[in-house]
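User: I'm new to this structure. Could you walk me through how to read its strands and its core?

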Amino acid sequence: MNDVSRSFRGNSNAARDIAHHLHPYTNFKKHEATGPLTIVRGRGIYVMDDDGKEYIEGMAGLWSAALGFSNERLATVAYEQMKQLPFYHAFNQRSHEPAINLAEKLKSMAPVEMSKVFFANSGSEANDTVVKMVWYMNNALGRPKKKKIVSRIKGYHGITVAAGSLTGLPNNHRSFDLPIAGIVHTGCPHYYRFGVAGESEEQFATRCAEELEALIVKEGGADQVAAMICEPVMGAGGVIVPPKGYYEKIQAVCKKYDMLFVADEVICGFGRTGNVWGCQTMNIKPDILTCAKALSASFLPISAVMINDKVYQALMMESDKIGTWGHGFTYSGHPVAAAVALEAQKIYDEIDLFGHAKRMTPVFHKHIQSFADHPLIGEAMSVGMVGALEIVADKKTKAAFDLATVGAGNRVSNHAQALGLFVRNMGDRVAVCPPLIINEAELADLFGRLRQSLDAALADLTSEGHFKG
């Protein structure tokens, strides 16, 4: 009897999951046939399934578990806050100390001067809030036509109706009737894939800025285009690091057309790129900044939107004019989540987590670059403590494997899981984004398992005739 069929017997976790649980990002028919991998506990950078097998969580869960999967202090803070004030809201001028303290802390950490902090529960909700803020602000300023927002192909900003529209990935639009009107996408700044023969990285960055300006003009210019949103480093699109000078060029275009610049720091924030913020790594000066994930080390759901005074003054004026800022969530700034997030920031400071991440960055980079000469790898890319390997069928031509029939990236991910390592394949780009607490020995173990996984996939592809070398 194989492992899958054994796990479906009786009242097992797998059988009950298939019967009752609708999963995100899942092929439901496939799930009925193969079932889930059920994780039951965590320790440091490791998690364990219900068969007792341990895995290195090479993706920090979903780019997010900065402190790994066990921390007694955060558990204690959550428990103590639950005893004191387990819930209260922030509607109608109500407040509580955890939200006040966390807002104050975030403002002190911001990469540029910010005025106010709004809380939500996820990156998607934070970016959805930004869309409404942009629309509300321009109504307040008497610019009812200035509503369009520019995002990027392969950008990821969440999955609510508005945030999912900002996202520039086909599977987040297909069959959902997205994107909504007023959301437009400019090109992806991935030099390896979209640079043309003879074009330098600087020339590519210039072309990206020129294409952005042409799109803005096409969409109505300064009268109609209101904002642009960018991840400093594109995450779910494949860990794409724009070329040097790119952000200076596109921010100049946005300034020319009086557009807000929104930094989506949901993945990049809190040390991931080697600085506190990806904005600092990539020289971005945002008007609005969203963050989530490592805000609470992912121990509880919480996100934040930081806005500068220009944005705040418009929101304040309109809320006074019409009587309210009619937006918010029951759990905006939930006291337990806020208390845990604040404690996470204290821990980051006390253990110098951001400094540790910066010190580990060259070690991480060396490991990623060690794959550059692997027969399957076309590009090995990293910044800070996040990186990706692009699998190709031909290194010289950059020709890709057929995703539907070969699925090279999926093969690597499956081999890694068998070896006790979780990575994430986005097509044939394989991402690595471990908890920031990881040490040198653990990094060596992680990348050793990843190399074994690539070698196993290479053997498969060669024996099946997909790879000629």
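Analyst: Strands here are DSSP runs of E, at least two residues, and helices are runs of H or I, at least four residues, both numbered from the N terminus. This is a predicted model, where local features need pLDDT of at least 70, side-chain atom pairs count only at pLDDT 80 or more, and totals for chains, interfaces and linings use all residues. Residues are numbered from 1 along each chain as its sequence is written, and side-chain values use heavy atoms, with hydrogens and water left out.

User: How do strands β7 and β8 pair?

Analyst: Two strands pair if DSSP finds at least two bridges between them. β7 and β8 (residues 260–264) run parallel, with four bridges. To get from β7 to β8, the chain passes through helix α11 (residues 246–256) in a right-handed β-α-β crossover; with the strands pointing away from the viewer, the path from the first strand over the helix to the second runs clockwise.

User: Which strand pairs with β5?

Analyst: That's β7, in the parallel sense over three bridges. There, K148 sits opposite V225.

User: Is β7 mostly covered or uncovered?

Analyst: Mostly covered: six of its six residues, 225–230, are buried (under 20% relative accessible area, 1.4 Å probe, protein chains only).

User: And what's a nonpolar core?

Analyst: It's a set of buried Ala, Val, Leu, Ile, Met, Phe, Trp, Tyr and Cys residues joined through side-chain atoms within 4.5 Å. The largest one here has 109 residues, and M228 and Y348 are among those with the most contacts inside it. Helix α14 (residues 335–350) gives this core its largest share, ten residues.

Definitions and conventions: Buried means under 20% relative accessible area, exposed over 50%, partly exposed in between (1.4 Å probe, protein chains only).
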